[in-house]
Amino acid sequence: MAEKPNKSAESPTRSSRAVPSSRLSRIGRLGSLAGRIAGNVVSQGAGQLLKGEKPALSSLLLTPKNISNIADQLASMRGAAMKLGQLISMDAGDFLPEELAVILGRLRDDADPMPKDQLIATLNQSWGEKWQDDLLYFSFAPIAAASIGQVHKVITMDGRMLAVKVQYPGVKKSIDSDVDNVATLIKLTGLVPKSLDINPLLQEAKAQLHQEADYVREADMLNRYRALVESTDILCKGNNAFVIPQTFAPLTTSTVLAMDFIEAQDLDALLNEPQDVRDAVMTALMTLFFNEIFHFKLLQSDPNLANYQFKPDTKEIVLLDFGATRDVPDAISAQYQALLNSAAANDRAMMQQAAFRIGLIDESHSQTQVDAVINIGMEACEAIRCEGAYDFGQSDLIARLHEKGMALTMEHNFWHTPPVDALFIHRKLGGLFLLAKRLKAKVDMRKAAGTWLNL
């Protein structure tokens, strides 16, 4: 019989809310959200008009009240709706007004856990109604609750401690409609221009989320990725840099993923470590990224900080969440190696050729637009041209790239959707850059990428 935790242990740190599992209920949630946003726009716009002001629609839509409504609703819905909200907040967080960034940051925190009765019903469906008899202990209080599932601590009858991720009910069935409805909200807010065709990205988002909702696939990816890391010599302070949990097949299904529980701390624990430890950890993560693109050809594409944990005693990084892991095509890998070398050699012609082959530019672009893209590319790669350690903590590169990116779109009318593979690579690297800046790390990027540089 499973050991029942005491009442205090069962109480989640955040109030539980049932996950709306039917398509109609989820559409209804987003519909009511759109109605509240429209109401706020009308009331605030009317107030500004009475003052003799002519408000822009975007300023009325992107108010703290509306952003708070969006964040709260997406967090309560979980699933693809919350996942897309996370993507927006992570990509735009450094460029939004501070109050809006804080509100959207709610989507990067833990989600609202589902109530105990909904959790039990979900596990009954996956494990059978007698599952508690086969476990020594199951903690009904989740140790983490994210966009697609929540994690519980489990002890098997033979004493093995596991972390078990349980998918929210209805997530798989709601992915397509969630993506379509959230995309409508994104277009409504004016975050993307009407002329930009984001349909290919939406289709890829649906495909990616369907893969993330398949926990058997995630288990396979986790095992495959762990084997590659264990066969590669990436060190941190002279020790193995990474720890990756092993899966536990007897309790893994398409909606439940069981793996070893690893005792570790949030990545913020690194902020208390000395400079040399922070530098070593970030060097290992950057080296791992280059291995992903050029050696493994397998990318864990989600840079969410919750996917990393830190073991202060051994200085190891724990890698978690492999649902967003994707293969890197050989051609993309080869052209990004060419791009890397063009940046290191400051060779603009070589970078232009690689960017064209990747699909970052195409024949429809003018030479002025191409030159602007290459200028941004060269600046984005300044760390790879730096002799010795690049100081991420002192770098203002993100702000500079944002300014030049805005100029590229507004002054040069450059509206272009890059290939999906490129977007995921840039997203992962951008997440690592933000982490390096947060840790005030100094990394010799030439050394980290040295195996693939022709210097």
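Predicted model: local features only at pLDDT ≥ 70, side-chain atom pairs only at ≥ 80, totals over all residues.
View 1. Helix 11 covers residues 275-296, which makes 22 residues in total. At 1.5 Å a residue it should span 32 Å, and its end C-alpha atoms sit 29 Å apart, so the two values agree. Look for F290, where helix 11 bends by about 25°. Most of this helix is tucked away: 18 of its 22 residues are buried, so the rest of the structure largely encloses it.

View 2. A pair of aromatic rings is described by how far apart the centres are and by the angle of the planes. Here Y390 and F392 make an edge-to-face pair, with 4.9 Å from centre to centre and 80° between the planes. Both partners are hidden from the surface: Y390 has a relative accessible area of 8%, so it is buried, and F392 is buried too, at 1%.

**View 3. A cluster of aromatic rings.** The model has 11 aromatic pairs. Ring pairs join W127, W131, F138 and F140 into one cluster.

View 4. M406, M410 and W415 together make a nonpolar surface patch of about 330 Å². One of them, M410, belongs to helix 16, which runs over residues 397-411. Its relative accessibility is 58%, and since anything over 50% is called exposed, M410 counts as exposed.

Definitions and conventions:
Residues numbered from 1 in each chain as written. Heavy atoms only, no water. Patch = residues over 30% accessible without salt bridge, like charges linked within 9 Å, V, L, I, M, F, W, Y side chains within 5 Å. Areas by Shrake-Rupley, 256 points an atom, 1.4 Å probe, with all protein chains shown as cover. Salt bridge = Lys/Arg side-chain N within 4 Å of Asp/Glu carboxyl O. Helix = DSSP H or I, 4+ residues; strand = E, 2+ residues; numbered from the N terminus. Buried < 20%, exposed > 50% of the residue type's maximum accessible area, 1.4 Å probe, protein only. Expected span 1.5 Å × (residues − 1). Bend = angle between axes of the 7 residues up to and from the residue. Phe/Tyr/Trp six-rings, centres within 6.5 Å; stacked < 30°, edge-to-face > 60°.
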